[in-house]
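Trainee: I would like to go through one part of this model closely, a strand and what surrounds it. Please connect the pieces as you go.

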Amino acid sequence: MFLRSALSLWPLARNGTRSYSSTGVTKLVAVTVDDQTGIATVNLQRPPVNSLNLELLTELSSSLTDLEKNKSRGIILKSYSDAVFSAGIDILEMYKCEEERVTLFWSALQEVWIKLYGHFAPTVACINGHAPAGGCLLALSCEYRVMVKEKTIGLNETKLGIVAPQWFIASLVNIIGQRQSEVALTTGKMFTTEEALRIGLVDEMAENTEDAFSKSLEFFKKFKNISPFARAQTKAFIRESTIQALVKNREKDLKMFINEIRKENVQKGLGQYLESLKKRKVS
Ligand SMILES: CCCCCC/C=C\CC(=O)SCCNC(=O)CCNC(=O)[C@H](O)C(C)(C)COP(=O)(O)OP(=O)(O)OC[C@H]1O[C@@H](n2cnc3c(N)ncnc32)[C@H](O)[C@@H]1OP(=O)(O)O
């Protein structure tokens, strides 16, 4: 009942769905709520590769707050693009960055992770494109991952000469375990969809975006006969210690991030990585 009335505040987009943007103008994140199921599709739409900048993260954070308030029945996180789910952090947020902006940026990333990782309703990452580093982190924050075949996913930070923070690592360890995570993180491994499925990094493989989306929807049916309260509380208990480890150390984590990226060798490495990206193409 409450869900219906809360959702009825949301503007109607087209038959059966309601579209919502926290700022009133759809920009980098578009949220559509299915009228029948109450399931929200959160579409990342920052061309060309959904790299995570301050503006996208701020919108995503506020969308997640609204979904929490409106008691969404579930979230499917996907990309507008069939090529890239998210290219991870926008390297320009770390390269030659100003302190004020980078502070806001990192705080927004922390906020998004805390909200998504701890979201009360079921969450699915519909990984319809490549998902390196921060893109992988978003997918890891969800409860279930469906990934389109012949894409890649992983925390490749060491390849950029940087160290993934503890909460990135914990998000991976909680899914594939310590041994697999250690090998993956230290080598900066990008897994193909097929490899990711084999080690349990993703739960299902899909033929294409449409198939991934319909498989994502299927996930919610698992909870048909489960008390939403029991489900949400169980998820909260399981995830609490991982979330609290960051919540209690946000300031320290922020300082570490800023100190690290300011290092001369890190800046040099990021500059070179940016250049290499501009020269190469992924099929
Ligand atoms: C040190 C303290 C702790 C730090 C902890 C956190 C650190 C890092 C987490 C991160 O997320 S770092 C980002 C890591 N991301 C990557 O390594 C991915 C890089 N991108 C790619 O591999 C490919 O772009 C792609 C995602 C596989 C897509 O390939 P595609 O062929 O479709 O597109 P491209 O032609 O390569 O790219 C288009 C366009 O976008 C630019 N670009 C790509 N990724 C980024 C990015 N992450 N940030 C900024 N810009 C990016 C790329 O250079 C192209 O630009 P133009 O040449 O068109 O100008």
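Which residue in β8 does V124 stand opposite?

Mentor: V124 stands opposite Y144 in β8. Before going further, note that this is a predicted model, in which local features need pLDDT of at least 70 and side-chain atom pairs count only at pLDDT 80 or more, while totals for chains, interfaces and linings use all residues. Residues are numbered from 1 along each chain as its sequence is written. Helices (H or I, at least four residues) and strands (E, at least two) are DSSP runs, numbered from the N terminus.

Two strands pair if DSSP finds at least two bridges between them. Strand β8 (residues 144-148) is joined to β6 by 4 bridges, and the two run parallel. Strand β5 (residues 74-79) also runs parallel to β6, with 3 bridges between them. There, V124 in β6 has I76 opposite. As background, strands of a sheet pair through backbone hydrogen bonds, either parallel or antiparallel.

Together, β5, helix α3 (residues 99-117) and β6 form a right-handed β-α-β unit. Right-handed means that, with the strands pointing away from the viewer, the path from the first strand over the helix to the second runs clockwise. In the loop between β5 and α3 sits K96, which has a positive phi of about 50 degrees although it is not a glycine.

Next comes burial. A residue is buried if 20 or more other C-beta atoms lie within 10 Å of its own, exposed if 12 or fewer, and partly exposed in between, with C-beta atoms placed from the backbone. K96 has 8 C-beta neighbours inside 10 Å and therefore counts as exposed. Strand β6 (residues 123-127), on the other hand, is mostly covered, with 5 of its 5 residues buried. In a regular strand the side chains alternate between the two faces of the sheet. On β6, T123, A125 and I127 are on one side and V124 and C126 on the other, and both faces are covered.

Two residues are in contact if their C-beta atoms, placed from the backbone, lie within 7 Å. Beyond its neighbours within four places in sequence, I127 is in contact with residues including F85, A139, V146 and I153. A nonpolar core is a set of buried Ala, Val, Leu, Ile, Met, Phe, Trp, Tyr and Cys residues joined through C-beta atoms within 7 Å. The largest such core has 70 residues, and those touching the most other members are I127, A139, V146, M147 and I153. Its largest share, 8 residues, comes from α3.

Two members of that list can be followed further. A139 is one of the buried residues of α4. Helix α4 (residues 134-141) has 8 of its 8 residues buried, so the rest of the structure largely encloses it. In the loop between β7 and α4 lies A133, a residue other than glycine whose phi is positive, near 45 degrees. A133 counts as buried because it has 26 C-beta neighbours inside 10 Å.

The other member is I153, whose bridge partner in β10 is F191. Strand β9 (residues 152-154) and β10 are joined by 2 bridges and run antiparallel. They belong to an open sheet of 3 strands, in the order β7-β9-β10, with mixed pairing. β7 (131-132) and β10 (191-192) are at its edges with a single partner strand each, so one side of each has no neighbour in the sheet.

A133 also takes us to the ligand. A residue is near a molecule if its C-beta atom, placed from the backbone, lies within 6 Å of it. There are 29 residues around the ligand, and A87, G88, I89, A133 and G134 come nearest. For the classes, Ala, Val, Leu, Ile, Met, Phe, Trp, Tyr, Cys and Pro count as nonpolar, Asp, Glu, Lys and Arg as charged, and the others, Gly among them, as polar. The shell around the ligand has 19 nonpolar, 5 polar and 5 charged residues. Helices α10 (250-262) and α11 (264-279) each supply at least two of its residues, and α10 gives the most, with 3.
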